[in-house]
Each structure stands twice: as structure tokens, then as C-alpha cells.
Amino acid sequence: MKRVLIIEDLPAAREWLAESVHLAFPTSQIDMAADCAGARDALDRQWPGMALIDLGLPDGDGTRLIAWIKSRHPATLCIVASTFADDTHIFPALRAGADGYFTKDQGRAELARLLTEIADGQPPLSPDVARRLMAYFQHEDQPEAPLSERETEVLRLIGKGYSSTEVGRLLGITRNTAAGYVKDIYRKLGISSRAEAALKAAEFGLLR
């Protein structure tokens, strides 16, 4: 990695990032910018191989800066360095073209390892961000149960092995009412046994 641009408004964070970059790429030229305007000035002079970008910059959104860089120089690896690891920050940044995303709670050695792996084309996410993505897509991949809220609760309980009598007691309804819910659930899901009900409950993520 011949040249790395660090875009970060906090001096301490810039220093930490620079030290990590030096560990990862000892011979690289490191440039720094404290805001979007400074970053664009630096980019106008020369495109780096990698840009480390904070999302909350004083004069703009780092996500838009990523999109701007990628539209002009797709070869630059845009890596987010953020304090946030939630959906509202991760997914817009990745959609804008970010090549990697890590949070600022990494140690210098760990961050250097991540940067080296990103440069080598390996998975470009810190562990907490990777876990967040996995949880999101696991949730997205689950089919939605075509059931009412009460039917969903009944399915969860029978999926765990409770009888209609026990379901009625737990939900404060009669056994006959619980059995009626079970009948409706079977009809809606096209199943005919408790084993199938347990499989459906697991498929819908109700047994976690």
C-alpha cells in the first residue's frame, strides 16, 4: 500500500489510525484530512490506495464522501473507521461503496491486522460489525409467519412441546380455545402434526 489517506477530525483518533497504518504498511505515505473539504483537496492532488474515513465529519457525511470517491476512483479502498456498529450506519456506508468497516475499539495491532487483510482481499469487517451483519441477514432470511400475534405465541409454545392444556394455562385461556388456535395454525401453515409445528416454529425463529 503506497499511499493512505486518513480522514478524521479528532487528533487523537488520527494519531491512532496513523500508528495502525504504519504497523500494517511500514513504507506507505500517510496523508491526513480533518474534514470533507480537506479530503477532497488531498484527493485532487493524488489518489491513495486506501482511505480511512470517519462517518461523522464536521462539514459533511462520510458516507457521501465514500460515494464521491468511488464514483471517481473505484480502485481506492474506502474503509470506515467509526464508533458506531448499528444498521443505520453500517448499511448506508456499505451501499455507498465502502470496502470495509471497523469500529474504533480495536487495538493498534488488531487494526493493523485488519487493514492488512483488507488490502489482501480478505473479509473487510471487524468482528462486532461482522456479527451485526450476520444477525441482520439471519433475521431477514427468516420467512414471516402468516399468523396473528396470538397464533404466533401458541405456535411458539407448542413448538417447545407444551400441550394444549398447558398452552391454555400459560396464556390464560381455556384448553378448547387453545386447541382452536392450534387447528387454525395447522390450517394456515398446511401442517398436520406437532413435529411439523415444531419445525415451522424453528423456521420462523420462534424457538430462540
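This is a predicted model: local features need pLDDT of at least 70, side-chain atom pairs count only at pLDDT 80 or more; totals for chains, interfaces and linings use all residues.
1. Some ground rules: residues are numbered from 1 along each chain as its sequence is written, and side-chain values use heavy atoms, with hydrogens and water left out. Local features need pLDDT of at least 70 and side-chain atom pairs count only at pLDDT 80 or more, while totals for chains, interfaces and linings use all residues.

2. Strand S6 covers residues 77-82; strands (E, at least two residues) and helices (H or I, at least four) are DSSP runs numbered from the N terminus. Six of its six residues are buried, so S6 is largely enclosed by the rest of the structure. Buried means under 20% relative accessible area with a 1.4 Å probe, protein chains only. On one side sit Leu77, Ile79 and Ala81, and on the other Cys78, Val80 and Ser82.

3. S6 has parallel partners. Four bridges join S6 to S3 (residues 50-53), with Ile53 opposite Val80. Four bridges also join S6 to S7 (residues 100-103), where Ala81 stands opposite Phe102. Strands pair if DSSP finds at least two bridges between them.

4. The axes of helices H7 (residues 149-159) and H8 (residues 164-171) come within 10 Å and cross at roughly 130°. Axes are lines fitted to C-alpha atoms over the stretch in contact, with angles from 0 to 180 degrees between N-to-C directions.

5. Arg150, Glu153, Val154, Leu157 and Ile158 of H7 make the contact (heavy atoms within 4.5 Å) with Val167, Leu170 and Leu171 of H8.

Note on methods
Buried means under 20% relative accessible area, exposed over 50%, partly exposed in between (1.4 Å probe, protein chains only).
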